[in-house]
Amino acid sequence: MNRPEARLIATFVVMGLALSGTFTALLLEGAGDRAAPPPRTPLPATAAPSPTYLGSMPALSGVELDAANGRLAALGVTARVRRINPDGGPETGAWVVTAQAPAPGALLTITMPVFLFVEPRD
């Protein structure tokens, strides 16, 4: 797989993640049009903690992997790194972020997965 193909695949992956989130949000909005369910007994406050927001996703495209991981660690996030070209490039160090999910500006929670797609620095 050459670099243009790898970038195209990464773009499709990021777009697919964004579209699936949008589709889910639209489905959940449509759920409000139905009849209200019967009332339920509320759960105790300790049963399900509310999501903790960590901040917004920084723009990391073009940033070296070590620096990107540092910025995410400052927010309390650990990213899952996917190499666009896993057979080429160094084992550590000179990798650059070419795509990310979620998109820059998205609100991050403790349970939200974060992906960084990287390729070797030229």
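Let's start with Met15, which is found in helix H1, residues 3-30; helices here are DSSP runs of H or I with at least four residues, strands are E runs of at least two, and both are numbered from the N terminus. Met15 counts as partly exposed because its relative accessibility is 44%, where buried means under 20%, exposed over 50%, and partly exposed in between, with a 1.4 Å probe and protein chains only.

Before we go on, this is a predicted model, with local features needing pLDDT of at least 70, side-chain atom pairs counting only at pLDDT 80 or more, and totals for chains, interfaces and linings using all residues. Residues are numbered from 1 along each chain as its sequence is written, and side-chain values use heavy atoms, leaving out hydrogens and water.

Now, the sheet. Three strands make an open sheet with mixed pairing, in the order S2-S5-S3; two strands pair if DSSP finds at least two bridges between them. S2 and S3 stand at the edges with a single partner strand each, so one side of each has no neighbour in the sheet.

What about strand S5, residues 115-120: how many of its residues are buried? The count is 6 of 6, so to speak of S5 is to speak of a mostly covered strand.

And its partners? S2, residues 80-83, pairs with S5 in the parallel sense over 4 bridges, and Arg82 stands opposite Phe117 in S5. Strand S3, residues 95-101, runs antiparallel to S5, joined by 6 bridges. There, Ala99 stands opposite Phe117, while Val96 stands opposite Glu119.
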